[in-house]
Amino acid sequence: MSDIAYMAISNLWQRKLRSFLTILGVIIGTVSIVIMLALGEGDKQMFIENVSQGANLTQITVMDSGGYSMDGSSQQSKVILNDKAIDAFKKIDGVIAATPWTYLSAYIETGKYTNEYLSLVAVDPGSLEDLDYKLEDGRFLNPNTNKFEIVMGSNVKGTFFNPSKPPKDSEMEEYFENGPPLNWLSIKYKMLLGGTYMYEGFDEDQGAVDAGGEEEEKLLPANYITPKVVGVLEKSGTQESYYAFMSLDVLKKYLKANKKVADAMKESMGVDPTKYQQAIVRVKDMDTVDPVMKAIKDAGFQCYSDTEYIKENQKEQQRKQTQWAIVGLIAYFIAAIGIANTMFTSIIERTKDIGVMKVLGCKHSNLGNVFLFEAGLIGLIGGIIGLIIGIVLSYLITDVPWLSELLAGSEGGMARAVVEPLTGIGVLVFSVVIGMVSGIFPSLRAMKLSPLAAIRNE
């Protein structure tokens, strides 16, 4: 084996320029495929990072679709998103938590600051921690109280304004990020469930809606609630950071005691204590999302998860990576032609040497192995150099702003190139294989040469 390696290396060294040009073709092919795959992997990672900041990948949103399910007697029954359905979700294998998700709006004020359209979500009081929300300050809702408690999303603070002194345009970005400088857990609040349009003392052209859908002339008395903000969630890029959460149990009791408010909110917002607009189900991991969604859909409900969007995008990324890999393979194919051409030329030049080796008793297999080893060595050297150049270029693409913007193209943003370890190993193996495959036919030709004809060749 050492003799074969020595002869292959000597032959390449004797024809340095030709060997260099052949290896250069492999280098170009290797760099092409490494960069193409690295850009695809970088694009994939950036997408997952961006989505992960604004998505809950282990949460499923369930909606009351008004659909039907099959009961034990093979009869269809209308499904309703109520407490019974929530309990059924909790029993599905892989589900960690499930809670109703009732949307409503409210008017809230504290001192000189107001929020006319607070987005409230009523949930099971113990569910926020189960849904894996994290606190920046304070505590979660107390399930054993009848008082109005609120846990604010991090971005809710930026929705409180002083009507007489709004922030300047130059201050808006920071204001939306942090809100006014208030001690949110200790100050007092006044709140009207449903918003100002249902109550007396506000805009004259706003009124409560009756069961017939017509505006009533008489508005509801402004019966303020005095909630307490007990916690603020950590900053996140999710939609939930713009919500304020309250106890569903407390809301049900309030609406039961205030029928007129309950009727107005049911008509205008669809708030119904007996059934829910949505439910949120949290599962143990992303692999559990699909089977749980199937079980929920089989029960007659509609549902979706952010993982569906990710999977669709991943399919698109795979399609792009395949296209990019084809471009790299074309460069490899051209390199393979160059290797085969070099080997055939080498055989023609060394025909007499081949005849002498055969006369001296060199086995056909050993003779063929010399040319296969030579071709594989060209692929290996080109693959190693091409991989190194590809890795360096990947770092430059990621770290050099103008180059990153250039490769991002018309889509904007910044490009990223990531060379995975498996990509590097695969490229090296592929380079060697391409080289050896390109050397098969030349080596077969060398093995078939007649010794006497080869010796007489000039």
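The buried residues of helix 6 are covered by, among others, strand 4 (95-110), strand 5 (113-123), strand 8 (190-193), strand 10 (244-247) and helix 7 (259-269); covering here rests on contact, meaning heavy atoms within 4.5 Å. This is a predicted model, in which local features need pLDDT of at least 70 and side-chain atom pairs count only at pLDDT 80 or more, while totals for chains, interfaces and linings use all residues. Residues are numbered from 1 along each chain as its sequence is written, and side-chain values use heavy atoms, with hydrogens and water left out. Helices (H or I, at least four residues) and strands (E, at least two) are DSSP runs numbered from the N terminus.

Let us look at helix 6 itself. Which of its residues are buried? In this helix, residues 248-257, they are Leu 248, Val 250, Leu 251, Tyr 254 and Leu 255. They sit on the same side of helix 6 because they cover an arc of only 155° around the axis, the arc being that of the directions from the helix axis to the C-beta atoms. Lys 256 and Ala 257 are exposed, on the face turned away from that buried side. Buried means under 20% relative accessible area and exposed over 50%, with partly exposed in between (1.4 Å probe, protein chains only). Where helix 6 starts, a side-chain oxygen of Ser 247 comes to within 3.3 Å of the backbone nitrogen of Asp 249.

Next comes helix 7. Its axis and that of helix 6 are 5 Å apart, and the two helices pack at an angle of about 110°. Axes are lines fitted to C-alpha atoms, for helices over the stretch in contact, and angles run from 0 to 180 degrees between N-to-C directions. The two helices are therefore roughly perpendicular to each other, a term for angles of 65 to 115 degrees. From helix 6, Tyr 254, Leu 255 and Ala 257 meet Lys 259, Val 261, Ala 262 and Met 265 of helix 7.

Strand 4, part of the cover over helix 6, is itself mostly covered, with 13 of its 16 residues buried. Its pairings are listed here; two strands pair if DSSP finds at least two bridges between them.

| Strands | Sense | Bridges |
|---|---|---|
| Strand 4 and strand 5 | antiparallel | 8 bridges |
| Strand 4 and strand 11 (residues 278-283) | antiparallel | 6 bridges |
| Strand 4 and strand 8 | antiparallel | 4 bridges |

Strand 4 and strand 5 form a hairpin with 2 residues between the strands, where Gly 111 takes a positive phi near 60°.

Definitions and conventions:
A polar contact is a pair of N or O atoms within 3.5 Å; within protein, one must be able to donate a hydrogen and the other to accept it, and residues adjacent in sequence count only if both atoms are side-chain atoms. Angles under 35 degrees count as roughly parallel, over 145 as roughly antiparallel, 65 to 115 as roughly perpendicular and the rest as oblique.
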